Amino acid sequence: MALFVARDVAVRVTDRARIMKSLPLARRQSRYPEFVNWNPYGLADGNSGIAVMCSYFDQCLPVEGWDAIGHEFLAEGMAAVESSDAMHSGLFAGLGGFAFALESFSRDGDRYQRALALVDAMLAPQGLAVATRMGTSRPGMPVNAFDLISGASGLASYLLRRDSHGILPEILTALVRLTEQVDGMPRWATPAEYLQTELARRLYPSGNFNCGLAHGIPGPLAILSLALRADHEVPGQAEAISVLAQWLLSYRVEDAWGVNWPDAVAMTPEGLPAPKQEPTPTRSGWCYGTPGVARSLWLAGEATNDEDLRRMAVDGMVGVLRRPFALRHLTSPTFCHGVAGLLHTVLRFSHDTALDRFADSVTGLTDRLLAAYEPERPFGYASVEAEDTAVDRAGLLDGAAGVAMTLLAAATGVEPVWDRIFLQS
């Protein structure tokens, strides 16, 4: 059943006419229509994400023509890249994501050599500029300087696969320097003037320390750990991994089901982390919540051979799985903040630990994801926003493509190397 649904969804999200027809509908459905777009070279909602999906389907189902379909999406993306004069290096909406998609399709560099060389040449100065901006002497910075979605961690996730201009050490060095303090404040702190939404400024009037894998410090922790495991090391890297991991451990909280992490830790007017508060409800998702934090701690434990970090990561995930589903606050089936993201994280923990608890949960979460399949909808799955607003989206991050990839990983056992974009491996 999982393979059938995954294939059906993949067919739908590779139908360009269906994608374009659904966009006006999705904007009317969404509470945030300004964020519902199709990026011709984007990974989150765009051609690059669909191409990455096609690459994985081609690995799992090599006689079904997915390679040719993905190539068409890449060709459209390449045309957009070559005609654009205002691209940034971000992974999910910028050039970094398109580079990742190209590399995924290149068969270890045997194909798309001209395109890869062009994109790498465009990325190199942008990556160096990212590293330079993070070296500012001012205390704190916006999360999009270092995070996975738009910042240095996302760019590094591509550079770990291909670094033809040798800029990865500069990016890693900048990420290591996040642990330094300026005027008593860690560089990675987010003072109020850098918070990006009015809601965040109301919740954190002095600023905060972001704990989400998508936008917070678990992203740099995970990428520094992955780099160390792959023998990409710069001075101070192992020490930075330890500092960031211990900081996260110091702000864990306990509830009735086990270890948990907040979305963010408030900053005091003096620029320090506020004392730990009573546990508050948090989403058990990939982007924010315990699964993302736990995965970053596991990778840190693997990189430094620290059994305590690995054990704490497992404890965190077991706590998530003990928690009643209604209290996980996962209303959407999609990857970013929904069931697919949790399922994929559990898949990785099941593979790494061989614990029955995780294997059993893979089955249960797969069944839950299949129960959310709605064949009457344009893509078979809808992204569910706040207040149960269903939005028909095709993309990888918040749409049906990410669900299809996760179901395929659960159904086939073919290693999902694409999950580097989510800092899972």
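This is a predicted model: local features need pLDDT of at least 70, side-chain atom pairs count only at pLDDT 80 or more; totals for chains, interfaces and linings use all residues.
**Thr353.** I started with the side chain of threonine 353, which reaches the backbone oxygen of phenylalanine 349 at 2.7 Å. I count a polar contact as a pair of N or O atoms within 3.5 Å; within protein, one must be able to donate a hydrogen and the other to accept it, and residues adjacent in sequence count only if both atoms are side-chain atoms. Numbering runs from 1 along each chain as its sequence is written, and side-chain values use heavy atoms, with hydrogens and water left out.

Threonine 353 sits in helix H14 (residues 339-353). Helices (H or I, at least four residues) and strands (E, at least two) are DSSP runs, numbered from the N terminus. Leaving aside neighbours within four places in sequence, I found threonine 353 in contact (heavy atoms within 4.5 Å) with Trp298, Val314 and Phe358.

**Helix H15.** Phe358 turned up again among the buried residues of H15, along with Ser361, Val362, Leu365, Thr366, Leu369 and Leu370. Buried is under 20% relative accessible area, exposed over 50%, partly exposed in between (1.4 Å probe, protein chains only). What covers these residues includes helix H1 (2-13), helix H13 (307-322), H14 and helix H16 (400-412).

**Sheet.** I then looked up an open sheet of 3 strands, order E3-E4-E7, with antiparallel pairing. Its edge strands, E3 (190-191) and E7 (264-266), each pair on one side only; pairing takes at least two DSSP bridges between two strands. I found 2 bridges joining E3 to strand E4 (residues 207-210), and proline 191 has glycine 207 in E4 as its bridge partner.
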